[in-house]
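Here are my notes after going through the model you sent over.

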Amino acid sequence: LLMKAFNQMASGLKVAAEELRMAEKKETWRQVARTVAHEIKNPLTPIKLCTQRLLKKYTESAPDFSDVLTVSTKTILSEIDNMERLVDAFHQYARLPEANRKVIDLKSIVLDSMELFRASTQSIEIHHSSANSLPVKVDAGQLKEAFVNIIKNSVEASAPGTCRIKIYCSNEKGTIVCRIQDNGPGISEENRPNLFVPYFTTKTEGNGIGLAMTERLISQNGGTIEYESLSEGGACFVIRFIGEGK
């Protein structure tokens, strides 16, 4: 009876966990749908106003119709470009390919990612707490994209020429841990719950897909990512993977 009750409990927990996962997934996509609808609606307003103004000027045979046509056309084309970028970002987020996971040293992925920013950042420091390799089973291309997104976010959050980035990699009892720290403004308490929500951004420019994509890429490769605040200021992203081999 005890064995039967235990098996039923284990089965019930598994079903509950799956239902929770599906509910969270549905809520994420509801949020995505609401945000996409909102973001698409924004450029439609100036497009509509420009079109109405053009029609009015044309109907009135206004002498400044040519000038209005030039200005309005530029505005319409610019807003269409914004909509295309939004749709492209959504397509990339929704159609993420399956991970082709192979065992690779995490440090090599970190080094490859950092090379892209050597010229643009004033200081980049990489620290390896372990002299040995840090093997993880991941899609190297996808994980590199995730690291690039985080580093890019740190660079963009800092004033030009002031960014300092430190990356610590270590093996903590079989868990491969990577901490990416910067000296930027950090993330406020009120914004942290939405940090990995698609299309959430505090920047004047950007579509808010970078960190959401990062979280998906890391999760798809069997890892986790979380944010930690630093006592000295700045942001810290902590990425964890189960180590491979010894």
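1. Let me start with Arg240. At 24% relative accessibility, Arg240 counts as partly exposed. Its side chain meets that of Glu226 in a salt bridge, 2.6 Å from N to O. Arg240 sits in strand S7 (residues 235–242) and Glu226 in strand S6 (residues 224–229), so the pair ties together parts that are 14 residues apart in sequence. Glu226 is partly exposed too, with a relative accessible area of 34%.

2. Before going further, please keep in mind that this is a predicted model.

3. Besides the Arg240 and Glu226 pair, one of them joins Glu172 to Arg179, with the closest N and O atoms 3.1 Å apart. Glu172 is partly exposed at 35% relative accessibility, and Arg179 is partly exposed as well, at 22%.

4. Another salt bridge links Asp64 and Lys57, where the closest N and O atoms are 3.3 Å apart. Asp64 has 29% relative accessibility and therefore counts as partly exposed.

5. How many disulfides does the model have? The count is zero. Cys178 is in no disulfide, and the nearest cysteine sulfur, that of Cys169, is 3.8 Å away. Cys178 is buried, with a relative accessible area of 1%.

6. What about Cys236? Its closest cysteine sulfur is the one in Cys178, 9.2 Å away, which is too far for a bond. Cys236 is also buried, at 1% relative accessibility.

7. Gln142 is worth a look on screen. You'll find it in helix H4 (residues 140–157). Is Gln142 buried or exposed? With 6% relative accessibility, Gln142 counts as buried. Its side chain makes a polar contact of 3.2 Å with the side chain of Gln220, and another, of 3.0 Å, joins it to the side chain of Asn221.

8. Staying with Gln142, which residues does it touch once its neighbours within four places in sequence are left aside? The contacts are Pro97, Glu98, Ala99, Leu217, Gln220 and Asn221.

9. On the surface, Phe6, Met9 and Leu13 form a nonpolar patch with about 330 Å² of accessible area together.

10. Finally, the overall picture. The secondary structure comes to five helices and seven strands, and along the sequence the pattern reads α-α-β-α-β-β-α-β-β-α-β-β. Of the 246 residues, 33% count as buried. The protein exposes about 15,200 Å², and carbon and sulfur atoms supply 55% of that. Among contacts with a separation of 6 or more, 70% are between residues 24 or more positions apart.

Terms used:
Residues are numbered from 1 along each chain as its sequence is written. This is a predicted model: local features need pLDDT of at least 70, side-chain atom pairs count only at pLDDT 80 or more; totals for chains, interfaces and linings use all residues. Side-chain values use heavy atoms; hydrogens and water are left out. A salt bridge is a side-chain nitrogen of Lys or Arg within 4 Å of a carboxyl oxygen of Asp or Glu. Buried means under 20% relative accessible area, exposed over 50%, partly exposed in between (1.4 Å probe, protein chains only). Helices (H or I, at least four residues) and strands (E, at least two) are DSSP runs, numbered from the N terminus. A disulfide is a pair of cysteine sulfur atoms within 2.5 Å. Patches are made of residues with over 30% relative accessible area and no salt bridge: like charges are joined within 9 Å, nonpolar side chains (Val, Leu, Ile, Met, Phe, Trp, Tyr) within 5 Å. Accessible areas come from the Shrake-Rupley method with a 1.4 Å probe; for residues, only the protein chains shown count as cover. A polar contact is a pair of N or O atoms within 3.5 Å; within protein, one must be able to donate a hydrogen and the other to accept it, and residues adjacent in sequence count only if both atoms are side-chain atoms. Contact means heavy atoms within 4.5 Å.
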